[in-house]
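Here is a quick briefing to read alongside the model.

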Amino acid sequence: TDDLGQLLHRHFHEADVLVMAAAVSDFRPSVSVEQLGRKIRRTDAGLTLDLERTPDLLAACAERRRPGQFLVGFALDEQGDLDASARDKLVGKGLDLLVANPLETMEATTIRATVYEPAQEGARVAASTPGPVSKAEFAVWLMDLIEERATRGHDAERSASNP
């Protein structure tokens with residue numbers, strides 16, 4: 001997470017579009033072996049790890065985006081929680097698009113996804129795959145959608161600055 005955060009900090013300003021498919025990790029051990037100063041040895045007592053949240057890299061990029069940058073995130077969740085989770089992430093992080101797909105797609109060869117975009121009432125469905133599609137087909141479908149939406153946003157921004 002730290003390595004990717006440093007790369008994003010250095011290079012994000014150069015990007016017109018950022019697609020973050022998943023968090024590197026949501027949590028990490030709160031103490032590293034280097035901080036302990038010693039190896040943790042195996043014992044019969046077991047071991048309990050304290051975890052801390054990792055930084056939300058996509059939200060950090062959204063906070064420092066420049067005009068014209070287009071941000072896309074993903075929400076992976078249980079089917080019953082997916083719609084609410086996707087809407088919350090889209091609005092909460094200030095994204096342009098959010099791809100929601102159910103947890104079952106992790107190991108599957110196909111995907112059924114719904115894409116959300118900002119709306120006056122918070123978020124609305126922008127598009128859905130036409131049923132389960134292969135992940136390769138999904139990638140092409142999603143890139144076409146991102147290109148169309150990012151170009152539309154860029155054209156609207158240019159029109160607003162050049163009346």
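A network of salt bridges links Glu117, Arg124, Glu148, Arg149 and Arg152; a salt bridge here is a side-chain nitrogen of Lys or Arg within 4 Å of a carboxyl oxygen of Asp or Glu. Bear in mind that this is a predicted model, where local features need pLDDT of at least 70, side-chain atom pairs count only at pLDDT 80 or more, and totals for chains, interfaces and linings use all residues. Residues are numbered from 1 along each chain as its sequence is written, and side-chain values use heavy atoms, with hydrogens and water left out.

- Glu117 pairs with Arg124, at 2.9 Å from N to O.
- Glu117 also forms a salt bridge with Arg149, where the closest N and O atoms are 3.0 Å apart.
- Glu117 sits in strand 7 (residues 114-119) and Arg149 in helix 5 (residues 135-161), so this pair ties together parts that are 32 residues apart in sequence; helices (H or I, at least four residues) and strands (E, at least two) are DSSP runs, numbered from the N terminus.
- Glu117 is buried, with a relative accessible area of 7%, and Arg149 counts as buried too, at 12%; buried means under 20% relative accessible area, exposed over 50%, and partly exposed in between (1.4 Å probe, protein chains only).
- Arg124 is partly exposed, at 41%.

**Another salt bridge**

- The salt bridge count comes to 11.
- Arg28 forms a salt bridge with Glu52, the closest N and O atoms being 3.0 Å apart.
- Arg28 is in strand 2 (residues 27-29) and Glu52 in strand 3, so the pair ties together parts that are 24 residues apart in sequence.
- Arg28 is partly exposed at 26% relative accessibility, and Glu52 is partly exposed at 31%.

**Nonpolar core**

- The largest nonpolar core has 18 residues, and Leu18 and Leu71 have the most contacts inside it; such a core is a set of buried Ala, Val, Leu, Ile, Met, Phe, Trp, Tyr and Cys residues joined through side-chain atoms within 4.5 Å.
- At least two residues of this core come from each of strand 1 (17-20), helix 3 (57-63), strand 4 (70-77), helix 4 (79-93) and strand 5 (97-102).
- Helix 3 gives the most to this core, with 4 residues.

**Positive patch**

- Arg38, Lys39, Arg41 and Arg42 gather in a patch of positive charge on the surface; patches are made of residues with over 30% relative accessible area and no salt bridge, with like charges joined within 9 Å and nonpolar side chains (Val, Leu, Ile, Met, Phe, Trp, Tyr) within 5 Å.
- Lys39 lies in the loop between helix 2 (33-36) and strand 3 (51-53), and counts as exposed at 56% relative accessibility.

Definitions and conventions:
Accessible areas come from the Shrake-Rupley method with a 1.4 Å probe; for residues, only the protein chains shown count as cover. Lys and Arg count as positive and Asp and Glu as negative; His and the chain ends are not counted. The place of a charge is taken as NZ of Lys, CZ of Arg, CG of Asp or CD of Glu.
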